[in-house]
Amino acid sequence: MENNLEYRGGENFDLREMLLKGKNLKLNDKVGLFENFIDDLSQHNIMLNRRCITTAADREVIIYDRFSGKEKKLLMFGSNNYLGLANHPYVKDKALDALKKFGAGIGGPPLLNGYTILHRELEERLAALKGAEDALIFSSGYSANVGLVSGLTNPNDIIIYDAFSHASFCDGIKMSNVKSFRFPHNNLNMFKLRLDQNTNTSNDVYVGVEGVYSMDGDTAPLDKIVPLCKSKGAILLVDDAHGTGVLGKHGKGTAEHYGVEGQVDITLGTFSKTFAATGAFVAASKPIINYLRFFARSYMFSASLPPVSIAIVLAGLDVLEKEPQLLDNLRNNIKYAEDSFHKIGIDLNLQTPIIPLKVPVGMDIRKAALKFHQYGIFVNSIEYPAVPISQQRFRVSLMATHKKEDIDKLVEVTNEIWTEFYKNENQTAAKYQFEAA
Ligand SMILES: Cc1ncc(COP(=O)(O)O)c(C=O)c1O
(Lines give C-alpha, C1' and ligand atoms only; values in the text may rest on other atoms or scores of the structure.)
Protein backbone atom coordinates (compact mmCIF):
# COMPACT_ATOMS: atom_id res chain seq x y z
CA MET A 1 0.00 0.00 0.00
CA GLU A 2 1.33 3.42 -0.91
CA ASN A 3 2.28 5.77 1.85
CA ASN A 4 1.14 9.25 0.94
CA LEU A 5 1.43 10.57 4.48
CA GLU A 6 4.56 12.64 4.31
CA TYR A 7 6.12 14.64 7.05
CA ARG A 8 4.50 18.05 6.88
CA GLY A 9 6.12 19.85 9.78
CA GLY A 10 5.26 20.18 13.42
CA GLU A 11 1.55 20.72 13.16
CA ASN A 12 0.45 17.58 11.44
CA PHE A 13 -2.14 14.91 11.85
CA ASP A 14 -0.03 12.00 10.68
CA LEU A 15 -0.36 9.75 13.67
CA ARG A 16 -4.07 10.30 14.01
CA GLU A 17 -4.59 9.69 10.30
CA MET A 18 -2.41 6.63 10.62
CA LEU A 19 -4.47 5.29 13.47
CA LEU A 20 -7.78 5.90 11.72
CA LYS A 21 -6.57 4.50 8.40
CA GLY A 22 -5.15 1.49 10.17
CA LYS A 23 -8.51 0.65 11.68
CA ASN A 24 -9.83 -0.35 8.27
CA LEU A 25 -6.80 -2.41 7.25
CA LYS A 26 -5.68 -5.95 7.81
CA LEU A 27 -2.65 -6.45 10.04
CA ASN A 28 0.04 -6.64 7.33
CA ASP A 29 -1.20 -3.50 5.59
CA LYS A 30 -1.63 -1.69 8.86
CA VAL A 31 1.87 -2.34 10.18
CA GLY A 32 3.33 -1.82 6.69
CA LEU A 33 1.75 1.61 6.48
CA PHE A 34 3.24 2.54 9.81
CA GLU A 35 6.65 1.12 8.85
CA ASN A 36 6.76 3.42 5.80
CA PHE A 37 5.82 6.35 7.94
CA ILE A 38 8.59 5.66 10.45
CA ASP A 39 11.16 5.20 7.67
CA ASP A 40 10.13 8.51 6.22
CA LEU A 41 10.64 10.26 9.55
CA SER A 42 14.06 8.68 10.05
CA GLN A 43 15.17 9.83 6.62
CA HIS A 44 14.34 13.38 7.63
CA ASN A 45 16.46 13.01 10.80
CA ILE A 46 13.51 13.84 12.94
CA MET A 47 12.87 10.73 14.95
CA LEU A 48 13.96 11.70 18.42
CA ASN A 49 11.98 9.33 20.56
CA ARG A 50 13.62 6.34 22.25
CA ARG A 51 17.08 7.85 22.54
CA CYS A 52 19.22 5.14 24.00
CA ILE A 53 20.79 6.28 27.30
CA THR A 54 24.02 4.64 28.42
CA THR A 55 24.40 6.19 31.91
CA ALA A 56 22.39 6.77 35.12
CA ALA A 57 19.41 9.13 34.95
CA ASP A 58 21.27 12.11 36.34
CA ARG A 59 21.31 15.82 35.41
CA GLU A 60 23.71 14.89 32.65
CA VAL A 61 23.31 11.72 30.62
CA ILE A 62 25.19 10.12 27.78
CA ILE A 63 23.17 8.75 24.94
CA TYR A 64 23.99 6.76 21.86
CA ASP A 65 23.45 9.35 19.12
CA ARG A 66 21.91 7.67 16.12
CA PHE A 67 22.73 10.65 13.92
CA SER A 68 26.49 10.57 14.45
CA GLY A 69 26.82 6.93 15.53
CA LYS A 70 28.78 8.14 18.58
CA GLU A 71 28.05 8.80 22.23
CA LYS A 72 26.74 12.26 23.06
CA LYS A 73 26.39 14.10 26.37
CA LEU A 74 23.06 15.81 27.01
CA LEU A 75 21.72 17.87 29.88
CA MET A 76 18.67 15.98 31.07
CA PHE A 77 15.55 18.14 31.14
CA GLY A 78 13.16 15.36 30.26
CA SER A 79 12.98 13.20 33.37
CA ASN A 80 10.40 13.04 36.15
CA ASN A 81 13.25 12.26 38.54
CA TYR A 82 12.35 15.54 40.26
CA LEU A 83 14.49 15.16 43.40
CA GLY A 84 17.36 13.37 41.68
CA LEU A 85 16.69 10.15 43.60
CA ALA A 86 17.48 7.91 40.62
CA ASN A 87 21.20 8.20 41.26
CA HIS A 88 21.16 9.08 44.96
CA PRO A 89 23.88 7.13 46.86
CA TYR A 90 21.63 6.27 49.84
CA VAL A 91 18.87 5.01 47.55
CA LYS A 92 21.32 2.88 45.58
CA ASP A 93 22.81 1.42 48.81
CA LYS A 94 19.35 0.48 50.09
CA ALA A 95 18.52 -1.11 46.74
CA LEU A 96 21.69 -3.18 46.92
CA ASP A 97 20.89 -4.27 50.48
CA ALA A 98 17.43 -5.41 49.39
CA LEU A 99 18.87 -7.21 46.38
CA LYS A 100 21.27 -9.13 48.61
CA LYS A 101 18.63 -9.97 51.21
CA PHE A 102 15.56 -10.66 49.06
CA GLY A 103 17.08 -11.60 45.71
CA ALA A 104 16.16 -10.40 42.25
CA GLY A 105 12.42 -10.85 42.23
CA ILE A 106 9.47 -12.49 43.82
CA GLY A 107 7.65 -14.43 41.12
CA GLY A 108 4.02 -13.94 41.99
CA PRO A 109 1.11 -11.59 42.71
CA PRO A 110 0.58 -9.93 46.11
CA LEU A 111 -2.36 -12.07 47.21
CA LEU A 112 -0.30 -15.22 46.76
CA ASN A 113 3.48 -15.32 47.26
CA GLY A 114 4.31 -11.76 46.16
CA TYR A 115 4.11 -9.91 49.46
CA THR A 116 7.16 -9.26 51.63
CA ILE A 117 7.67 -7.41 54.86
CA LEU A 118 9.07 -4.57 52.71
CA HIS A 119 5.83 -4.37 50.72
CA ARG A 120 3.85 -4.03 53.95
CA GLU A 121 6.24 -1.45 55.37
CA LEU A 122 5.91 0.62 52.22
CA GLU A 123 2.10 0.41 52.26
CA GLU A 124 2.08 1.72 55.82
CA ARG A 125 4.50 4.54 55.08
CA LEU A 126 2.58 5.64 52.00
CA ALA A 127 -0.71 5.59 53.89
CA ALA A 128 0.91 7.80 56.55
CA LEU A 129 2.32 10.11 53.84
CA LYS A 130 -1.19 10.67 52.50
CA GLY A 131 -2.95 10.75 55.87
CA ALA A 132 -4.96 7.65 54.90
CA GLU A 133 -5.76 4.44 56.81
CA ASP A 134 -4.11 2.07 54.38
CA ALA A 135 -2.54 1.70 50.94
CA LEU A 136 -1.86 -0.96 48.33
CA ILE A 137 0.86 -1.19 45.71
CA PHE A 138 0.41 -1.68 41.97
CA SER A 139 3.08 -2.48 39.43
CA SER A 140 2.54 0.76 37.51
CA GLY A 141 0.55 3.98 37.60
CA TYR A 142 -1.26 2.87 34.49
CA SER A 143 -2.45 -0.36 36.08
CA ALA A 144 -3.33 1.46 39.31
CA ASN A 145 -5.70 3.86 37.53
CA VAL A 146 -7.27 1.15 35.42
CA GLY A 147 -7.67 -1.17 38.43
CA LEU A 148 -8.94 1.57 40.70
CA VAL A 149 -11.65 2.88 38.40
CA SER A 150 -12.79 -0.46 37.01
CA GLY A 151 -12.53 -2.14 40.42
CA LEU A 152 -14.60 0.37 42.38
CA THR A 153 -17.33 1.58 40.11
CA ASN A 154 -20.64 0.02 39.09
CA PRO A 155 -22.07 0.69 35.61
CA ASN A 156 -24.79 2.89 37.09
CA ASP A 157 -22.34 5.08 38.97
CA ILE A 158 -21.19 8.40 37.59
CA ILE A 159 -17.69 9.76 37.14
CA ILE A 160 -17.13 13.47 36.70
CA TYR A 161 -13.57 14.15 35.63
CA ASP A 162 -11.21 16.80 34.36
CA ALA A 163 -10.71 16.85 30.59
CA PHE A 164 -6.91 16.70 31.01
CA SER A 165 -6.97 13.42 32.92
CA HIS A 166 -4.31 10.85 32.10
CA ALA A 167 -4.98 8.15 29.51
CA SER A 168 -4.88 5.46 32.21
CA PHE A 169 -7.78 7.06 34.07
CA CYS A 170 -9.77 7.34 30.82
CA ASP A 171 -8.99 3.70 30.01
CA GLY A 172 -10.27 2.74 33.47
CA ILE A 173 -13.54 4.50 32.63
CA LYS A 174 -13.77 2.68 29.31
CA MET A 175 -13.16 -0.68 30.96
CA SER A 176 -15.74 -0.16 33.66
CA ASN A 177 -18.51 1.12 31.35
CA VAL A 178 -19.40 3.65 34.01
CA LYS A 179 -21.34 6.76 32.98
CA SER A 180 -18.87 9.62 32.72
CA PHE A 181 -18.91 13.38 32.24
CA ARG A 182 -15.87 15.52 31.54
CA PHE A 183 -15.52 19.13 32.54
CA PRO A 184 -13.14 21.57 30.82
CA HIS A 185 -9.71 21.56 32.42
CA ASN A 186 -9.72 23.18 35.87
CA ASN A 187 -12.98 24.98 35.11
CA LEU A 188 -14.63 25.09 38.54
CA ASN A 189 -17.90 26.56 37.29
CA MET A 190 -18.39 23.72 34.87
CA PHE A 191 -17.29 21.26 37.53
CA LYS A 192 -19.95 22.62 39.94
CA LEU A 193 -22.55 22.43 37.20
CA ARG A 194 -21.66 18.79 36.50
CA LEU A 195 -21.88 18.02 40.22
CA ASP A 196 -25.27 19.76 40.54
CA GLN A 197 -26.58 17.94 37.49
CA ASN A 198 -25.46 14.50 38.60
CA THR A 199 -25.56 14.20 42.36
CA ASN A 200 -29.33 13.82 42.82
CA THR A 201 -29.07 10.10 42.43
CA SER A 202 -28.87 7.07 44.69
CA ASN A 203 -25.81 5.82 42.78
CA ASP A 204 -22.27 6.74 43.73
CA VAL A 205 -20.76 9.80 42.13
CA TYR A 206 -16.97 9.91 41.76
CA VAL A 207 -14.84 12.92 40.89
CA GLY A 208 -11.48 12.41 39.18
CA VAL A 209 -8.78 15.09 39.11
CA GLU A 210 -4.99 15.16 39.04
CA GLY A 211 -3.01 16.89 41.76
CA VAL A 212 -0.56 18.13 39.12
CA TYR A 213 -1.44 17.87 35.44
CA SER A 214 1.33 16.05 33.70
CA MET A 215 1.41 18.01 30.44
CA ASP A 216 0.75 21.46 31.87
CA GLY A 217 2.29 21.43 35.32
CA ASP A 218 -0.67 23.26 36.84
CA THR A 219 -2.57 21.96 39.86
CA ALA A 220 -6.15 21.09 40.75
CA PRO A 221 -7.38 23.58 43.40
CA LEU A 222 -8.10 20.93 45.99
CA ASP A 223 -8.98 23.54 48.63
CA LYS A 224 -12.10 24.24 46.54
CA ILE A 225 -12.70 20.78 45.09
CA VAL A 226 -12.62 18.90 48.42
CA PRO A 227 -15.42 20.94 50.10
CA LEU A 228 -17.53 20.85 46.92
CA CYS A 229 -17.27 17.06 46.79
CA LYS A 230 -18.06 16.77 50.49
CA SER A 231 -21.11 19.02 50.20
CA LYS A 232 -22.51 16.83 47.43
CA GLY A 233 -21.46 13.46 48.84
CA ALA A 234 -19.18 12.78 45.86
CA ILE A 235 -16.14 10.51 46.25
CA LEU A 236 -12.93 12.30 45.31
CA LEU A 237 -10.13 10.48 43.47
CA VAL A 238 -6.89 12.43 43.13
CA ASP A 239 -4.15 11.13 40.86
CA ASP A 240 -1.13 12.71 42.54
CA ALA A 241 1.48 11.11 40.32
CA HIS A 242 3.41 14.35 39.86
CA GLY A 243 2.53 16.03 43.18
CA THR A 244 3.80 13.30 45.49
CA GLY A 245 7.29 14.13 46.72
CA VAL A 246 7.14 17.57 45.14
CA LEU A 247 4.28 19.69 46.49
CA GLY A 248 3.53 20.69 50.08
CA LYS A 249 5.88 21.76 52.85
CA HIS A 250 7.09 18.20 53.42
CA GLY A 251 6.59 16.95 49.85
CA LYS A 252 3.51 14.95 50.84
CA GLY A 253 1.68 16.11 47.76
CA THR A 254 -1.00 18.38 46.41
CA ALA A 255 -3.38 17.90 49.35
CA GLU A 256 -0.67 19.10 51.73
CA HIS A 257 0.01 22.06 49.43
CA TYR A 258 -3.67 23.09 49.57
CA GLY A 259 -4.13 22.40 53.29
CA VAL A 260 -6.55 19.49 52.80
CA GLU A 261 -4.25 16.69 53.85
CA GLY A 262 -6.14 13.54 54.86
CA GLN A 263 -9.38 14.85 53.33
CA VAL A 264 -9.11 13.26 49.91
CA ASP A 265 -11.09 10.01 49.75
CA ILE A 266 -8.74 8.13 47.44
CA THR A 267 -5.24 9.20 46.37
CA LEU A 268 -3.13 7.56 43.72
CA GLY A 269 0.60 8.12 43.46
CA THR A 270 3.27 6.67 41.20
CA PHE A 271 6.85 5.57 41.88
CA SER A 272 7.83 6.53 38.33
CA LYS A 273 8.18 10.25 39.02
CA THR A 274 9.84 11.55 42.21
CA PHE A 275 10.83 8.06 43.32
CA ALA A 276 12.45 7.49 39.92
CA ALA A 277 11.49 3.80 39.82
CA THR A 278 8.31 2.11 38.60
CA GLY A 279 5.09 1.17 40.35
CA ALA A 280 2.28 3.01 42.07
CA PHE A 281 0.01 3.07 45.10
CA VAL A 282 -3.52 3.87 46.09
CA ALA A 283 -4.16 5.26 49.60
CA ALA A 284 -7.65 5.31 51.12
CA SER A 285 -9.75 3.94 53.98
CA LYS A 286 -9.05 0.37 55.13
CA PRO A 287 -12.32 -1.04 53.71
CA ILE A 288 -11.66 0.52 50.29
CA ILE A 289 -8.11 -0.83 50.21
CA ASN A 290 -9.24 -4.31 51.29
CA TYR A 291 -11.91 -4.27 48.60
CA LEU A 292 -9.42 -3.20 45.91
CA ARG A 293 -7.04 -6.02 46.84
CA PHE A 294 -9.68 -8.43 45.53
CA PHE A 295 -11.53 -6.42 42.89
CA ALA A 296 -8.84 -4.35 41.18
CA ARG A 297 -7.95 -6.96 38.61
CA SER A 298 -4.69 -5.30 37.63
CA TYR A 299 -3.62 -5.80 41.27
CA MET A 300 -4.90 -9.29 41.80
CA PHE A 301 -3.77 -10.77 38.50
CA SER A 302 -0.38 -9.13 38.14
CA ALA A 303 2.98 -9.95 39.73
CA SER A 304 4.23 -7.80 42.60
CA LEU A 305 7.07 -5.36 42.23
CA PRO A 306 10.39 -6.93 43.19
CA PRO A 307 11.61 -6.09 46.73
CA VAL A 308 14.46 -4.05 45.29
CA SER A 309 11.94 -1.63 43.72
CA ILE A 310 10.09 -1.41 47.01
CA ALA A 311 13.35 -0.69 48.85
CA ILE A 312 14.07 2.14 46.39
CA VAL A 313 10.79 3.84 47.25
CA LEU A 314 11.29 3.29 51.00
CA ALA A 315 14.73 4.87 50.69
CA GLY A 316 13.22 7.73 48.70
CA LEU A 317 10.78 8.38 51.55
CA ASP A 318 13.72 8.45 53.98
CA VAL A 319 15.50 11.00 51.79
CA LEU A 320 12.36 13.11 51.58
CA GLU A 321 12.32 13.29 55.38
CA LYS A 322 16.05 13.64 56.00
CA GLU A 323 17.09 15.95 53.18
CA PRO A 324 14.54 18.76 52.96
CA GLN A 325 17.18 20.80 51.14
CA LEU A 326 16.37 18.78 48.00
CA LEU A 327 12.86 20.22 47.94
CA ASP A 328 14.33 23.68 48.58
CA ASN A 329 16.73 23.23 45.65
CA LEU A 330 13.88 22.14 43.41
CA ARG A 331 11.79 25.17 44.37
CA ASN A 332 14.74 27.51 43.87
CA ASN A 333 15.33 26.00 40.44
CA ILE A 334 11.67 26.48 39.50
CA LYS A 335 11.84 30.16 40.47
CA TYR A 336 15.20 30.64 38.74
CA ALA A 337 13.89 29.05 35.52
CA GLU A 338 10.76 31.18 35.57
CA ASP A 339 12.80 34.38 35.99
CA SER A 340 15.31 33.34 33.32
CA PHE A 341 12.65 32.49 30.75
CA HIS A 342 10.95 35.80 31.49
CA LYS A 343 14.19 37.58 30.52
CA ILE A 344 14.03 36.10 27.01
CA GLY A 345 10.35 36.99 26.56
CA ILE A 346 8.75 33.72 27.60
CA ASP A 347 6.37 34.22 30.50
CA LEU A 348 5.56 31.14 32.50
CA ASN A 349 3.57 30.78 35.67
CA LEU A 350 5.26 27.77 37.16
CA GLN A 351 3.60 25.99 40.06
CA THR A 352 5.64 22.81 39.71
CA PRO A 353 8.85 21.53 38.04
CA ILE A 354 6.94 20.79 34.82
CA ILE A 355 7.47 23.51 32.23
CA PRO A 356 5.06 23.36 29.32
CA LEU A 357 7.20 25.24 26.80
CA LYS A 358 4.54 25.96 24.22
CA VAL A 359 5.62 26.07 20.61
CA PRO A 360 4.85 29.50 19.11
CA VAL A 361 2.61 29.81 16.07
CA GLY A 362 4.41 28.75 12.93
CA MET A 363 7.30 26.93 14.59
CA ASP A 364 8.05 23.44 13.38
CA ILE A 365 8.27 21.42 16.58
CA ARG A 366 10.20 18.52 15.04
CA LYS A 367 12.92 20.72 13.59
CA ALA A 368 13.14 22.60 16.89
CA ALA A 369 13.39 19.28 18.76
CA LEU A 370 16.34 18.26 16.63
CA LYS A 371 18.05 21.56 17.44
CA PHE A 372 17.63 21.02 21.19
CA HIS A 373 19.26 17.65 20.70
CA GLN A 374 22.12 19.10 18.66
CA TYR A 375 22.72 21.81 21.27
CA GLY A 376 23.01 19.13 23.97
CA ILE A 377 19.65 19.51 25.70
CA PHE A 378 17.35 16.55 26.31
CA VAL A 379 13.71 17.67 26.29
CA ASN A 380 10.60 15.77 25.29
CA SER A 381 8.50 17.10 22.46
CA ILE A 382 4.82 16.55 22.90
CA GLU A 383 3.03 16.53 19.61
CA TYR A 384 -0.52 16.06 18.52
CA PRO A 385 -2.41 13.76 19.24
CA ALA A 386 -0.89 13.53 22.72
CA VAL A 387 -2.05 17.14 23.15
CA PRO A 388 -4.43 19.25 21.02
CA ILE A 389 -2.81 20.65 17.89
CA SER A 390 -2.76 24.20 19.26
CA GLN A 391 -1.04 22.96 22.38
CA GLN A 392 2.09 21.30 21.07
CA ARG A 393 4.96 21.89 23.45
CA PHE A 394 8.28 20.83 24.76
CA ARG A 395 7.76 19.29 28.14
CA VAL A 396 10.70 20.41 30.23
CA SER A 397 11.19 18.94 33.71
CA LEU A 398 13.36 20.52 36.35
CA MET A 399 15.21 18.56 39.01
CA ALA A 400 16.63 19.43 42.42
CA THR A 401 20.05 18.41 41.14
CA HIS A 402 20.15 20.87 38.22
CA LYS A 403 22.74 23.59 38.62
CA LYS A 404 22.03 27.20 37.78
CA GLU A 405 24.35 26.96 34.77
CA ASP A 406 22.28 24.02 33.46
CA ILE A 407 19.18 26.19 33.52
CA ASP A 408 21.15 29.06 31.93
CA LYS A 409 22.11 26.73 29.09
CA LEU A 410 18.51 25.54 28.65
CA VAL A 411 17.26 29.12 28.43
CA GLU A 412 20.09 30.25 26.14
CA VAL A 413 19.43 27.36 23.75
CA THR A 414 15.69 28.01 23.82
CA ASN A 415 16.38 31.61 22.92
CA GLU A 416 18.59 30.56 19.99
CA ILE A 417 15.98 28.14 18.68
CA TRP A 418 13.04 30.46 19.15
CA THR A 419 14.92 33.24 17.35
CA GLU A 420 15.97 30.95 14.52
CA PHE A 421 12.58 29.36 13.95
CA TYR A 422 10.15 32.03 14.93
CA LYS A 423 9.49 34.55 12.23
CA ASN A 424 7.42 37.45 13.43
CA GLU A 425 8.07 40.95 12.25
CA ASN A 426 6.35 42.52 15.21
CA GLN A 427 8.29 41.12 18.13
CA THR A 428 7.85 44.04 20.47
CA ALA A 429 4.76 43.78 22.70
CA ALA A 430 4.44 40.04 23.00
CA LYS A 431 7.64 38.57 21.72
CA TYR A 432 6.15 35.17 21.09
CA GLN A 433 2.58 34.50 20.15
CA PHE A 434 0.74 31.32 21.00
CA GLU A 435 -2.47 29.94 19.65
CA ALA A 436 -5.46 29.98 21.93
CA ALA A 437 -6.25 26.66 23.57
C1 LIG B 1 -1.00 11.70 36.00
C2 LIG B 1 -0.45 10.35 35.66
N3 LIG B 1 -1.09 9.25 36.07
C4 LIG B 1 -0.64 8.02 35.80
C5 LIG B 1 0.50 7.83 35.05
C6 LIG B 1 0.99 6.44 34.73
O7 LIG B 1 2.05 6.14 35.56
P8 LIG B 1 3.15 5.03 35.20
O9 LIG B 1 4.09 5.62 34.22
O10 LIG B 1 3.76 4.74 36.51
O11 LIG B 1 2.41 3.84 34.65
C12 LIG B 1 1.22 8.93 34.60
C13 LIG B 1 2.44 8.75 33.80
O14 LIG B 1 2.83 9.49 33.00
C15 LIG B 1 0.73 10.23 34.90
O16 LIG B 1 1.37 11.32 34.47
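**Helix packing, ligand shell and confidence**

Modeller: This is a predicted model. Leu-118, His-119, Glu-121, Leu-122, Arg-125 and Leu-129 of helix 4 meet Pro-307, Ile-310, Ala-311, Val-313, Leu-314 and Leu-317 of helix 12.

Biologist: How many residues of the contact of helix 4 with helix 12 are nonpolar?

Modeller: Divided by class, this contact of helix 4 with helix 12 has one polar and two charged residues, and its nonpolar residues number nine.

Biologist: At what angle do the axes of helix 4 and helix 12 cross, and is the crossing left-handed or right-handed?

Modeller: Helix 4 spans residues 117-129 and helix 12 spans residues 307-322, and their axes come within 10 Å and cross at roughly 35 degrees. As for the hand, the crossing in which helix 4 passes helix 12 is left-handed.

Biologist: Which residues of helix 12 make the contact with helix 3, and at what angle do the two axes cross?

Modeller: On the side of helix 3 (residues 89-102), the contact is made by Tyr-90, Val-91, Lys-94, Ala-95, Asp-97, Ala-98, Leu-99 and Phe-102. From helix 12 come Pro-307, Val-308, Ala-311, Ile-312, Leu-314, Ala-315, Gly-316 and Val-319, and by class the contact of helix 3 with helix 12 divides into 13 nonpolar, one polar and two charged residues. Helix 3 passes helix 12 in a right-handed crossing, with axes that come within 8 Å and cross at roughly 145 degrees.

Biologist: How are helix 13 and helix 15 oriented, roughly parallel or roughly antiparallel?

Modeller: The axes of helix 13 (residues 324-343) and helix 15 (residues 404-421) come within 10 Å and cross at roughly 30 degrees. Because angles under 35 degrees count as roughly parallel, helix 13 is, relative to helix 15, roughly parallel.

Biologist: Which residues of helix 15 take part in the contact with helix 13?

Modeller: The crossing of helix 13 and helix 15 is right-handed, and the residues of their contact divide into five nonpolar, two polar and two charged. Helix 13 contributes Asn-333, Tyr-336, Ala-337, Ser-340 and Phe-341, and helix 15 contributes Lys-404, Ile-407, Asp-408 and Val-411.

Biologist: Which residues come nearest to the ligand?

Modeller: The shell around the ligand divides into three nonpolar, 10 polar and two charged residues, and its largest share, three residues, comes from helix 5 (residues 141-152). Of the 15 residues around the ligand, those that come nearest are Ser-140, Gly-141, Ser-214, Ala-241 and Ser-272.

Biologist: Over which residues does the pLDDT fall below 50?

Modeller: The mean pLDDT of the protein is 90, and 90% of its residues reach 70 or more. The pLDDT stays under 50 over residues 1-13, although the model has 27 contacts beyond four places in sequence for them. A further stretch, with zero contacts in the model beyond near neighbours in sequence, has pLDDT below 50 over residues 425-430.

Key:
Residues are numbered from 1 along each chain as its sequence is written. This is a predicted model: local features need pLDDT of at least 70, side-chain atom pairs count only at pLDDT 80 or more; totals for chains, interfaces and linings use all residues. pLDDT is the predictor's confidence in each residue, from 0 to 100. Two residues are in contact if their C-beta atoms, placed from the backbone, lie within 7 Å. A residue is near a molecule or strand if its C-beta atom, placed from the backbone, lies within 6 Å of it. Helices (H or I, at least four residues) and strands (E, at least two) are DSSP runs, numbered from the N terminus. Ala, Val, Leu, Ile, Met, Phe, Trp, Tyr, Cys and Pro count as nonpolar, Asp, Glu, Lys and Arg as charged, and the others, Gly among them, as polar. Axes are lines fitted to C-alpha atoms, for helices over the stretch in contact, and angles run from 0 to 180 degrees between N-to-C directions. Angles under 35 degrees count as roughly parallel, over 145 as roughly antiparallel, 65 to 115 as roughly perpendicular and the rest as oblique. A crossing is left-handed if the near helix is turned anticlockwise from the far one by less than a right angle, and right-handed if clockwise.
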